[in-house]
Amino acid sequence: MRSVLVTGANGLLGRSVCKRLLDENVLVSALFHSKSSLLLDGAKLISLDLSSNWKCEQLPDRVDAIIYLAQSSRFREFPNSALDVFNVNVASTARLLDYAKRVGAEQFIYASSGGVYGSGSKAFKENADIVPLSQLGYYLGSKACGEILVQSYASVFQVTVIRPFFMYGPGQNRTMLIPRLVDSVASGKPINLQGSEGIRINPVHVEDASAAVVAALDTKKSGTYNIAGPDVLSVRQIAEAMGGHVGKAPIFQQAEGEPKDLIADISAMQSELHVPTRHLFESLAELKNQELK
């Protein structure tokens with residue numbers, strides 16, 4: 001039986017990935033910081049704070065693969081949260097890579113961010129340049145550092161970097177973009193738009209994202225993959241659709257500057273991992289009136 005360690009198991013993507021793995025009879029070690037909503041029957045639950053000086057002795061003696069989905073919950077609190085972000089996104093990544101080597105793991109999957117590309121008018125391919133290091137900011141800089149560390153082990157075991165773009169799904173933290181837009185429309189809070197339409201994105205449903213992550217376990221080569229949805233939508237389009245679901249017209253407020261699109265080219269994801277099928281406009285009902293989790 002394949003054994004997989006999943007960090008960030010209580011996050012939006014982590015819960016979905018763990019459930020998929022359990023459905024496929026994978027032996028799952030689910031590492032979490034807080035288990036307030038963690039319901040994973042059949043998984044081995046491991047409570048561990050990756051921002052602390054944790055020990056590898058708390059982990060299984062053997063795993064076949066590690067899926068690193070953890071991220072600091074304080075990523076918006078720079079500079080006060082700098083060490084917390086570093087310990088989770090960089091230091092713990094380095095420690096788990098070394099652990100993976102020592103226990104004979106064959107694969108390491110690391111969740112980075114589509115934000116490392118910055119913005120542009122065309123869809124970003126995986127070989128596009130990332131934002132200059134001096135302009136990345138601390139959080140995205142830590143993700144870029146994590147990518148470098150992971151890719152350094154490509155000669156030791158198979159490594160996969162995923163770059164999700166604006167993931168959404170039921171139970172998501174309400175501070176993230178898609179639920180934040182829902183709540184802004186419902187409460188009558190103005191939504192800032194650059195240009196007439198705002199930025200364009202191709203958000204991905206968590207079920208499509210988790211399907212891609214699990215499929216990555218069966219690939220036979222190291223690689224980097226954008227993880228995004230099938231539809232390119234502007235913020236105006238998204239907000240107006242949400243207005244129809246909550247029964248309230250969105251209020252828009254003009255912001256300075258031109259829209260800075262962040263769109264993923266998903267041809268590699270589609271051909272090698274998973275073809276996304278979930279459309280945002282068909283999923284709006286599950287996003288409204290959610291409690292903060």
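Is Asp 265 buried or exposed, and what is its relative accessible area? Asp 265 is buried, with a relative accessible area of 16%; buried means under 20%, exposed over 50% and partly exposed in between (1.4 Å probe, protein chains only). The model is predicted, with local features needing pLDDT of at least 70 and side-chain atom pairs counted only at pLDDT 80 or more, while totals for chains, interfaces and linings use all residues. Residues are numbered from 1 along each chain as its sequence is written, and side-chain values use heavy atoms, without hydrogens and water.

**View 1. Salt bridge between Asp 265 and Lys 125.** The closest N and O atoms of this pair are 3.0 Å apart. Helices (H or I, at least four residues) and strands (E, at least two) are DSSP runs, numbered from the N terminus. Lys 125 is partly exposed, at 43% relative accessible area.

**View 2. Network of Asp 98, Lys 101 and Arg 102.** Salt bridges that share partners join these residues; a salt bridge is a side-chain nitrogen of Lys or Arg within 4 Å of a carboxyl oxygen of Asp or Glu. Asp 98 pairs with Lys 101 at 4.0 Å between the closest N and O atoms, and with Arg 102 at 3.0 Å, N to O. Asp 98 and Arg 102 are 4 residues apart in helix H2, about one helical turn. Asp 98 and Lys 101 lie 3 residues apart in that helix. Both are partly exposed, Asp 98 with a relative accessible area of 29% and Lys 101 with 41%. The structure holds 14 salt bridges.

**View 3. Largest nonpolar core, around Val 6.** A nonpolar core is a set of buried Ala, Val, Leu, Ile, Met, Phe, Trp, Tyr and Cys residues joined through side-chain atoms within 4.5 Å. This one has 42 residues, and Val 6 is one of those that touch the most other members. Elements supplying at least two core residues each include strand S1 (3–7), helix H1 (12–23) and strand S2 (27–32). Helix H5 gives the largest share, 7 residues. Leaving out residues up to four places away in sequence, the contacts (heavy atoms within 4.5 Å) of Val 6 include Val 17, Leu 21, Val 28 and Ile 67.
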